[in-house]
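Dear colleague,

I am passing on a structure that I would like you to look over. My notes on its helix packing follow below it.

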Amino acid sequence: MKLINNLINKENTLKHLLLRFITSIALAVSYSTSASDTLQCVSDSYIFPDKKVSSLPNPAKTGKYKYDVMTYGEKPYLFSIDKPDLVAPDVTLPNFLADHSKSQGYKYDAYHRFDSKNLPLEAKVWLPQTSEKRPVIFLVHGNSDPGFDYLGEMFSSRGFFVVQVDQTYLNGLWGENGARGWILLEHLKLLSVWNNQHDHRFYNKLDLENVALIGMSRGGEAVALASTFNSLKTIPNSEKPTEFGFGIKSVVALAPMDGQYQHAHGKNILKNTNYLVLQGGHDADVYQFLGSQQWQRVEYDDGKNYVNHSIYIHKANHINFNQDMSDDFHWGGSKNFYKKLLTAKQQEQLTKVFVSAFIELTLSGKKEYQDILRHPPNSEFGLPDDIYVSRFSTSTFWSIENFESVKTENKNFQIRVDSQNEPVSFSIEKERLRGGVDTPNKVLKLKLEEQVATTLQLALPTFHVIAEDKQSLTVSIAIETSEEHEACRPYNLASDIKIEFLNKSGVVISKKTKSTASISPLLVSDYSELENEDVKFAPTEPTLQTVVFPIEFLSEVKQEESLILNITFTPRHDISVILDDIGIIH
């Protein structure tokens, strides 16, 4: 991550940072046809999962609630044109944010460039017309203007109190995402005061034990930081209480930054919080899937149920998550870059579907919506036809192997080819983002040969099995290299994977081990419109997805039985894959 850290320590804009970075890398793959042709060929050859109509209510449908719209902000000047409906007090940032920022060697960061006192709390609010307390949703932008009315209107019509925060006075700075996150909590403090104030419009209208934070780009990092700050009892390096502790249940990040702000102890760990991250495969601002790293740094230790979701959308880009940005082509000399991608309306629709399904699942307890996130349907809810790469986990996930501490002499698993008696070699490597940048996450890399059975065999420790319990084996997998792009042959690796659980006698003791999923090919992003002799973009970024194998253990399995798991690949083409997070979800 040294390269990323070096980039972060510069004051330049995201565009300038990106251009400096990509000039130093070469294309990851060469193609005989144009990038645009390859892009279309990969899409055409993708085998979509079986389309099963869920019959669920559309999570993006306008709800039954009427709502009022208003604003709050600082007291207007005498000659101000815009006047907020409600006057809000200013706030001051705690010193630890600036102190830590300066200790990182940032010379021209946010805390050097503006006075952190008397910062305004400004927002647009959608208030459902009801006497009941309603769950609260925050919407926060990145280095742009607020542009999420399409989410505010939808959520408020469905009965949520929605606050779209304006932090534009932080734009154009660097290293300020800690401030963005902290200010969100100051908004929650203010709403808590108003919620308890008998003569206030918001009196007893907000359920602050059911809060979701939704952020994009820098705001996507800020919402995860806010959730972590929310658990602090006192301000760091001080004994002054934070007065936080709100019921932040869910965090949503749209094409987020990651690591722009770091705590004194390192990168942000999101604990005991539901998390969803969406990323476009043609993002020209947050060029790499940085949000996948925060996805990895989600932890649970309080015994409650949580979900952790990631969805990578092949033809989505950065700016179309934000209505204020979607009319601006940002990159390249024309809008040709965007013509082959999803339209702004299509991307807004998929954002509404996925984010609303997640909110309904995590704030409203509607468990039926989890399948929309695990297996995104192309045939329902107005979702555009595209390749959706879904990865997920839960707090009930029981890990069999994640390859973080594996050594070649490790006896927990072996890899065998066909009937060979001797195990074959394997490699444990760091997962890499676009452009070959290493991440801390480790994965198993396998080279698979056409029609050659390669088996990953894992010895399971004492395995508590309930024969009647519904459970699934999950495997995170991504195709790293293959011959598919030369011929663009339709192929689904999931159909050539066999799962077996065996006891010590070698008897198969499970059934229903076929997956109905479609494993995404190695996706190609077409940045050709943005390239020139000096600027080249890496066209691929292997993205792990979760493949589910329903398992039903036979009744003779005893709880104390030690088992062996075989995962056998017999591909129809030579192909390389990476694997991670093999385990059981109940």
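On the H7 side the contact (heavy atoms within 4.5 Å) involves residues including Trp-182, Leu-184 and Leu-185, and on the H8 side residues including Val-223, Leu-225 and Phe-229.

Please bear in mind that this is a predicted model, in which local features need pLDDT of at least 70 and side-chain atom pairs count only at pLDDT 80 or more, while totals for chains, interfaces and linings use all residues. Residues are numbered from 1 along each chain as its sequence is written, and side-chain values use heavy atoms, with hydrogens and water left out.

Helix H7 itself covers residues 177-195, and its 19 residues reach 27 Å from first C-alpha to last, close to the 27 Å expected at 1.5 Å a residue (that is, 1.5 Å times one less than the number of residues). Because 16 of the 19 residues of H7 are buried, the helix is largely enclosed by the rest of the structure; buried here means under 20% relative accessible area, exposed over 50% and partly exposed in between, with a 1.4 Å probe and protein chains only. Leu-185, which lies in helix H7, counts as buried at 0% relative accessibility. Leaving aside neighbours within four places in sequence, Leu-185 is in contact with Ala-226, Phe-229, Asn-230, Phe-244, Phe-246 and Ile-248.

A second pair is formed by helix H6 (residues 149-157) and helix H11 (residues 344-362), which pack at an angle of about 45° with their axes 11 Å apart. That makes H6 oblique to H11, and the crossing of H6 and H11 is right-handed.

As for the whole chain, there are 13 helices and 23 strands, taken as DSSP runs (H or I, at least four residues, for helices; E, at least two, for strands) and numbered from the N terminus. Of the 586 residues of the chain, 57% count as buried.

With best regards

Definitions and conventions
Axes fitted to C-alpha atoms, helices over the stretch in contact; angles between N-to-C directions. Parallel < 35°, antiparallel > 145°, perpendicular 65-115°, else oblique. Left-handed = near helix turned anticlockwise from the far one by under 90°.
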